[in-house]
Amino acid sequence: MTKKSPTPTLRLLALAAACVVCGTATAGEVEVLHWWTAGGEAKAAAALKATLQGKGHTWKDFAVAGGGGDSAMTVLKSRVVSGNAPAAAQIKGPSLQEWAREGVLANIDDVAKAEKWDTLLPPVVADVMKYKGNYIAAPVNVHRVNWLWANPEAFKKAGAKVPTSWDEFFVAAEALKKAGIIPVAHGGQNWQDFTTFESVALGVGGNDFYKKALMQLDQGALKSATMEKVLTTFKKVKGYTDKNAPGRDWNLATAMVIKGEAGMQLMGDWAKGEFVAAGKVPGKDFVCAAAPGTSKAFTFNVDSFAMFKLKNDANVKAQKDLAAAIMSTEFQEVFNLNKGSIPVRLNMNLAKFDDCAKLSSKDFVDTAKSGGLVPSIAHGMAVPSAAAGAMQDVVSQFWNSDKMSAKDAMDKLASAAKSK
Ligand code: BGC
């Protein structure tokens with residue numbers, strides 16, 4: 001038998017162990033706020049921890065459970081207000097600018113320059129990581145949100161075909177229902193409702209509509225016949241979810257698809273992290289497909305760590321070492337293999353990645369050229385947090401209400417979009 005070379009995870013762990021004795025005067029501590037507590041997420045977070053420890057520093061875990069990060073952001077605000085910010089926090093998209101404007105983020109441009117981040121990152125990502133031209137955050141990945149996850153066994157039982165349009169989606173949902181399978185695994189939490197809504201908006205309305213309504217917050221697009229159709233289609237999806245959906249965590253919804261209790265889930269590719277952590281193989285045990293009607297589009301969601309201003313020199317050094325390590329090829333590989341996302345660093349070798357990741361990578365590049373690459377509104381990438389939060393609330397009210405018409409929802413959504 002040939003001796004296998006250690007996996008990237010093992011290599012990082014070995015490095016971390018070796019550094020138990022390499023503690024030097026410069027060893028610092030980095031407290032890291034994140035919300036990665038589900039199976040695949042936790043494995044990815046462990047890779048981050050091992051990477052930092054590999055540099056001889058101490059990791060202080062600050063995990064706040066809750067998919068989508070709404071709870072984590074609430075906790076972060078109170079910590080910063082009380083003058084006790086963590087060293088690094090998972091903050092994304094326009095929120096990075098909001099935090100930078102408060103004057104609490106550190107300038108990590110020296111790290112970015114030394115490591116040549118400008119040449120290693122797609123410009124669409126690099127721009128978001130900078131405030132007034134200086135890097136204030138380090139990106140770890142690119143998640144694609146517009147995915148549909150399906151259980152092929154369940155589809156076979158139902159004699160259904162994995163849908164590529166919303167019409168086909170409801171045909172498949174009916175067939176799954178007749179076969180006694182829950183058609184759609186859903187978790188009734190605001191951010192999950194909004195995630196589904198976003199994919200419906202993209203699939204039903206198309207790329208230009210998505211840009212007008214959910215990026216530019218154009219009042220005309222928000223109150224259009226297309227938006228009414230989007231809302232009606234979105235609400236129709238609810239009819240194919242089960243009665244236990246309210247409040248369910250996203251990873252438990254994914255588990256229903258893994259077990260074949262449910263046929264499909266609309267969710268970003270952190271769901272793949274769950275399938276993979278459960279030992280499932282894409283193409284065999286589960287299927288990844290673009291959400292109906294969205295194969296020529298890509299809603300991106302880039303996780304990043306904002307660095308807060310710190311006083312202690314050793315901790316500043318540790319923080320910068322973390323930022324540098326995050327962009328290394330070794331970290332980008334092991335982290336993203338576990339997280340379900342693709343590396344944010346350009347020109348990486350994807351040999352170890354599965355077909356879903358390879359498709360994601362190809363579509364990321366293709367849609368960047370065709371104009372179909374759009375930021376995810378449900379995951380804080382598209383509009384300021386006040387508007388996104390208010391719109392998310394309206395979408396959930398509509399999802400949960402038996403009385404609100406699509407027209408009413410549309411008006412409420414348009415005024416929520418004006419929130420500042
Ligand atoms: C984050 C992912 C995370 C997911 C579920 C998203 O907003 O970008 O990293 O896995 O929420 O918690």
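**Domain interface and ligand surroundings in a predicted model**

Q: How many residue pairs are in polar contact between domain 1 and domain 2?
A: In this predicted model, the pairs considered lie between domain 1 and domain 2, and both residues of a pair must be at pLDDT 80 or more. On that basis the count of residue pairs in polar contact is 7.

Q: Which helices each supply at least two residues of the side of domain 1 that touches domain 2?
A: The side of domain 1 that touches domain 2 comprises 5 nonpolar, 10 polar and 6 charged residues. At least two residues of that side come from each of helix H2 (39-54), helix H4 (94-101) and helix H16 (329-339).

Q: Which residue forms a salt bridge with aspartate 354?
A: The rule finds 1 salt bridge across the interface of domain 1 and domain 2. Domain 1 covers 28-142 + 301-355, and domain 2 covers 147-300 + 378-416. For the salt bridge of aspartate 354, the closest N and O atoms are 3.1 Å apart, and the partner is lysine 272.

Q: What area do domain 1 and domain 2 bury between them?
A: The centres of the two domains, taken over C-alpha atoms, are separated by 28 Å. Their contact takes 21 residues from domain 1 and 22 residues from domain 2. Carbon and sulfur atoms carry 56% of the buried area, which is about 1900 Å².

Q: At what distance does a polar side-chain atom of glutamate 41 lie from an oxygen atom of the ligand?
A: The ligand is surrounded by 14 residues, and Glu41 is listed among the closest, with Lys92, Asp303, Lys339 and His379. A polar side-chain atom of asparagine 301 lies 2.9 Å from a ligand oxygen atom, and a backbone N or O atom of glycine 68 lies 3.1 Å from a ligand oxygen atom. For the polar side-chain atom of glutamate 41, the distance is 2.5 Å.

Definitions and conventions:
Residues are numbered from 1 along each chain as its sequence is written. This is a predicted model: local features need pLDDT of at least 70, side-chain atom pairs count only at pLDDT 80 or more; totals for chains, interfaces and linings use all residues. Side-chain values use heavy atoms; hydrogens and water are left out. Domain bounds come from an automatic or database domain assignment. Contact means heavy atoms within 4.5 Å. Buried area is the accessible area (1.4 Å probe) that two parts lose on being put together, summed over both. A salt bridge is a side-chain nitrogen of Lys or Arg within 4 Å of a carboxyl oxygen of Asp or Glu. A polar contact is a pair of N or O atoms within 3.5 Å; within protein, one must be able to donate a hydrogen and the other to accept it, and residues adjacent in sequence count only if both atoms are side-chain atoms. Helices (H or I, at least four residues) and strands (E, at least two) are DSSP runs, numbered from the N terminus. Ala, Val, Leu, Ile, Met, Phe, Trp, Tyr, Cys and Pro count as nonpolar, Asp, Glu, Lys and Arg as charged, and the others, Gly among them, as polar. A residue is near a molecule or strand if one of its heavy atoms lies within 4 Å of it.
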